[in-house]
Amino acid sequence: MNAVTVIGLGPMGQAMAGAYLDKGYEVTVWNRTAARADELVARGARRAGSVEAALTANTLVVLSLIDYDAADAVLAQAPPAALAGRTFVNLTSDTPDRARRAAAWLAERGAVQITGGVQVPPPGIGTPGAMTYYSGPKDVIEAHRAALEVLTGIDHLGEDPGLAALYYQIGIDMFWTALTGYLHGQAVAEANGISAAEFLPRAVKTMDVRYFLEFYAPRITAGHHEGDVERVSMGVASMEHVLRTTQAAKVDDSLPSAVLELFRRGVAAGHGGQSLTSLIGVLKRR
Ligand code: NDP
C-alpha cells in the first residue's frame, strides 16, 4: 500500500494529508499541536505519538512547517537513526541558503531532501494545473513522482537543493509587492468613497500584467533598454502624480514614495531616457 508521513498540519499540511487520504494512501501525521490532527484522524490518518514514531512509520516524509527553524526544531526531536534512509519532501518555505543547509544536514545523517516551493494555496492541492517548484536529486524525484503528483504537478529546476527555494522567493517577492500595490490603490480608492467591489473590474484589468512581462522579458534578456515605449523620466512624473493623489487622500505614502525614490535614482544614474527595465541595473547595484 502507498504510505506517507506528513509533519506539520497548518492549512497546507492538512490539505496535503487530506489529498493522500483521498487517494487511498496510508497516512501518518504529526503536529506540534496534536489537536490539529483530529479531523484527519477521523478520516483515517494515523496519529504518531512522537516525531520519531512519525518518521519510522514511512520512508517518505512530507514536511510542511512555517520555516526551517521549525523544521530543525521538529527533526531535532528524533534520534539520528530515525532520519537515516528516509526521503524528506521539504515543502517548508525559507531562504535558498537554509534549504541547502538542511539538505546537507540530512545527507550527513543518511537522509535525502527534496526541496519544494508550492505554487498554490491549500485549496489548490490535488487540483489540475497546480504546480510545485522542486529541486534535488532527479532520480529521487522520479522515484517518488506518483506520490508528489498526488499533491501538484512537478517543475524540477535542478539538483541544487536551494533552487526551489530561490524560485519560490523570487515569485513571492513579485507576488507580495504586486498585491501590496493593489491594497495601496484600494486604500486610495476607499478614501475617495470607491468600494473594492466597484473598482474590482478595473483592478483586474490593471493587475493583468502578462502583456508587459512578455513584452519586457526578451528585451531584458537582450540587454535592450531603449526608451522607445516609455521612459524612466515619464515614470518619475507619473509617480509624482500618484504620490500627490495619495497625500490628498491622507493615505500612507511610504509605498509610492519608495517607488518614486527608485525612479529618481534611475534618472540620477543616467537612465532618464531609457525604459523602466533599466531600473533592474539600478536595483542590482544596491
Ligand atoms: P502555518 O503557519 O499555518 O503552519 C505551520 C506549521 O508549522 C504548523 O503545523 C505549526 O504547528 C508548525 N510550527 C510552527 N512553529 C513550529 C515550531 N517551532 N515547532 C514545531 N512546529 C512548528 O503554515 P501553512 O500550513 O499555511 O504553510 C506551511 C508552509 O507552506 C509554509 O512554509 C508556507 O510558507 C508554505 N506555503 C503556504 C501556502 C499557503 O497558502 N498557506 C502557499 C504556499 C506555500 P502548530 O500547529 O503547533 O502551530
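The shell around the ligand comprises 13 nonpolar, seven polar and two charged residues, where Asp, Glu, Lys and Arg count as charged, Ala, Val, Leu, Ile, Met, Phe, Trp, Tyr, Cys and Pro as nonpolar, and the others, Gly among them, as polar. The model is predicted: local features need pLDDT of at least 70 and side-chain atom pairs pLDDT 80 or more, while totals for chains, interfaces and linings use all residues. Residues are numbered from 1 along each chain as its sequence is written, and side-chain values use heavy atoms, without hydrogens and water.

**Ligand surroundings**

- Of the 22 residues around the ligand (a heavy atom within 4 Å), those that come nearest are Asn31, Thr33, Arg36, Leu65 and Ser93.
- Helix H1 (11–22) and helix H4 (68–75) each contribute at least two residues to this shell; helices are DSSP runs of H or I with at least four residues, and strands are runs of E with at least two, numbered from the N terminus.

**Polar contacts (N or O atoms within 3.5 Å)**

- A backbone N or O atom of Leu9 lies 3.0 Å from a ligand oxygen atom, and one of Met12 also lies 3.0 Å from an oxygen atom of the ligand.
- For Ile66, a backbone N or O atom lies 3.2 Å from an oxygen atom of the ligand.

**Aromatic pairs**

- The whole structure holds six aromatic pairs, with ring centres of Phe, Tyr or Trp (its six-membered ring) within 6.5 Å; planes under 30 degrees apart are stacked, over 60 edge-to-face and the rest tilted.
- Tyr133 and Tyr167 form an edge-to-face pair, because their ring centres are 5.6 Å apart and their planes stand at 70 degrees.
- This pair links distant parts of the chain, 34 residues apart: Tyr133 belongs to strand S7 (residues 131–135) and Tyr167 to helix H9 (residues 163–191).

How values were computed: A polar contact is a pair of N or O atoms within 3.5 Å; within protein, one must be able to donate a hydrogen and the other to accept it, and residues adjacent in sequence count only if both atoms are side-chain atoms.
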